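Student: I've got a model open and I'd like to go through its backbone with you. Can we take it one question at a time?

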Amino acid sequence: MSNPVIKQSAIRNISFGDNVVVVEPVNIYECKIGNNTFIGPFVEIQKGVVIGNNCKIQSHAFICELVSIGDDCFVSHGAMFINDTFAKGGPALGDKSLWKNTEIGNNVSIGTNATILPVKITDNVVIGAGSVVTKDINESGIYAGNPAKKIR
Amino acid sequence: MSNPVIKQSAIRNISFGDNVVVVEPVNIYECKIGNNTFIGPFVEIQKGVVIGNNCKIQSHAFICELVSIGDDCFVSHGAMFINDTFAKGGPALGDKSLWKNTEIGNNVSIGTNATILPVKITDNVVIGAGSVVTKDINESGIYAGNPAKKIR
Amino acid sequence: MSNPVIKQSAIRNISFGDNVVVVEPVNIYECKIGNNTFIGPFVEIQKGVVIGNNCKIQSHAFICELVSIGDDCFVSHGAMFINDTFAKGGPALGDKSLWKNTEIGNNVSIGTNATILPVKITDNVVIGAGSVVTKDINESGIYAGNPAKKIR
């Protein structure tokens, strides 16, 4: 029986805009957070992520590497992003050439417990609670379901 | 580059009944928790929430403003509530007149990773794991799916 | 108004293999973790759980009592397990004779926000993001949806 390496969640190496509020505990590192953005508790944001101005990243959200989020976006509680689609039948692990990126436009609201695969989502989109977004969304509107489809 | 305002999750201004157990870290504030109720780790409960007696609020649950929960209820891991349905195509932000309330009866069990939109749920109801509840539930029974429907 | 009993999440009474990394805060106790396994922040792993070698248990995952996981498995962010199916119309509470176990084979990858009811999953399986697995999976392949079905 061995002793594990124990690391601590932290706020580390972040470029913060003005008037950002963060509620600890969080694990956010090596990313860029815009002006007036709020980050709730129990959130993880990984390196390289870019989040715009006036966003709310609510409790329990997870934002992975290769995600960029525009201005005036709302990422609700428990909403999570993905960069690894298990394309070869399992996790890419070290091989980041298999990872894909996600680009979220401006004024996009992602519902509670929604899951976002690596896609592009245009401006002015609402993703319903509990949805799983599997394809690009090029048209503004309201999308919901698993897989998410346009409902209005 | 600025410094963010860093706040800490806490247990703050709560009316606790007898024999409540809480496992930190949690972020729970300005709410009312009944007798013999358990609250697991990584839970957020917001202001104004009322939770009855003999309930279990499991890890990773999120209970928002305008939710009331009766006695003998079970809110499983990762189950989350919603008060803002993005009715105007995005979050209500400061305009709480757009928020809606949720009333959960007695002996209601909400499954793991379920998502509850603002609805009324009567007594003696089971919500299956991973369900998304979008409408009032006026009849006792077992409901599951996205959107949740009565299955038994 | 009473004072609650406040407990702290912890790393407690665990049999760790070699080269395990854990990112706190976590609540993991009385379980067995194999060599080279990673455990991210905001994770709960309950007593009696066995996790093999070379696994990744990502942030916000929840692994309950009566779950065993093989080698080379990936439990993604927000993925959660269940041992109590509310078989009698509500939680079993103290009556663990109503709980059921879950056995995950080797090289199984469970997607983000997926929910796993008490089942057996064979080796070399991928569970898509946001899926709800309600039945045993005896054949290798890729499964997704609510309820999860084989897609490839």
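Student: Where does A:P147 sit in chain A?
Tutor: Keep in mind that this is a predicted model. The peptide bond from A:N146 to A:P147 is cis, with omega near -5 degrees, while most peptide bonds are trans. As for its place, A:P147 is in the loop between β21 (141-144) and β22 (149-150) of chain A.

Student: And in chain C, what is omega for the bond that joins C:N146 and C:P147?
Tutor: C:P147 is found in the loop between β21 and β22 of chain C. The bond joining C:N146 and C:P147 is cis, and its omega is about -5 degrees.

Student: Which residue in the turn between β21(C) and β22(C) has a positive phi?
Tutor: β21(C) pairs with strand β22 (residues 149-150) of chain C in the antiparallel sense, over two bridges, and C:A144 is opposite C:K149 there. The two strands make a hairpin with four residues between them. In that turn, phi is about 105 degrees at C:G145.

Student: β21(C) also pairs with β19 of chain C; which residue of β21(C) stands opposite C:V126?
Tutor: Strand β19 (residues 125-127) of chain C and strand β21 (residues 141-144) of chain C run parallel, paired over three bridges.

Student: Is B:H60 buried or exposed?
Tutor: B:H60 lies in the loop between β10 (56-57) and β11 (62-63) of chain B, and has a positive phi of about 70 degrees although it is not a glycine. The cut-off for buried is 20 or more other C-beta atoms within 10 Å. B:H60 has 29 of them, so it is buried.

Student: How does A:N36 count by its C-beta neighbours?
Tutor: A:N36, in the loop between β6 (32-33) and β7 (38-39) of chain A, has a positive phi too, near 60 degrees. Buried needs 20 or more neighbours and exposed 12 or fewer. With 17 inside 10 Å, A:N36 counts as partly exposed.

Student: Which strands stand at the edges of the open sheet in chain A?
Tutor: The sheet has six strands in the order β3-β6-β9-β12-β15-β18 (chain A), with parallel pairing. Each edge strand has a single partner, so one side of it is left without a neighbour in the sheet. Those strands are β3 (15-16) and β18 (120-121) of chain A.

Student: What is the bridge partner of A:I104 in β18(A)?
Tutor: Strand β15 (residues 102-104) of chain A pairs with β18(A) in the parallel sense over two bridges. The partner of A:I104 is A:I121.

Student: Which element gives the largest share of the side of chain C that touches chain A?
Tutor: In this interface, 26 residues of chain C are in contact with 27 residues of chain A. Two elements of chain C give two or more residues to its side, β3 (15-16) and β4 (21-24). The largest share is four residues, from β4(C).

Student: Which residue of β4(C) stands opposite A:Q8?
Tutor: Strand β1 (residues 5-8) of chain A is joined to β4(C) by four bridges, and the two run parallel. Opposite A:Q8 is C:E24.

Note on methods:
Residues numbered from 1 in each chain as written. Chains lettered and ligands numbered in written order. Predicted model: local features only at pLDDT ≥ 70, side-chain atom pairs only at ≥ 80, totals over all residues. Pairing = 2+ DSSP bridges. Contact = placed C-beta atoms within 7 Å.
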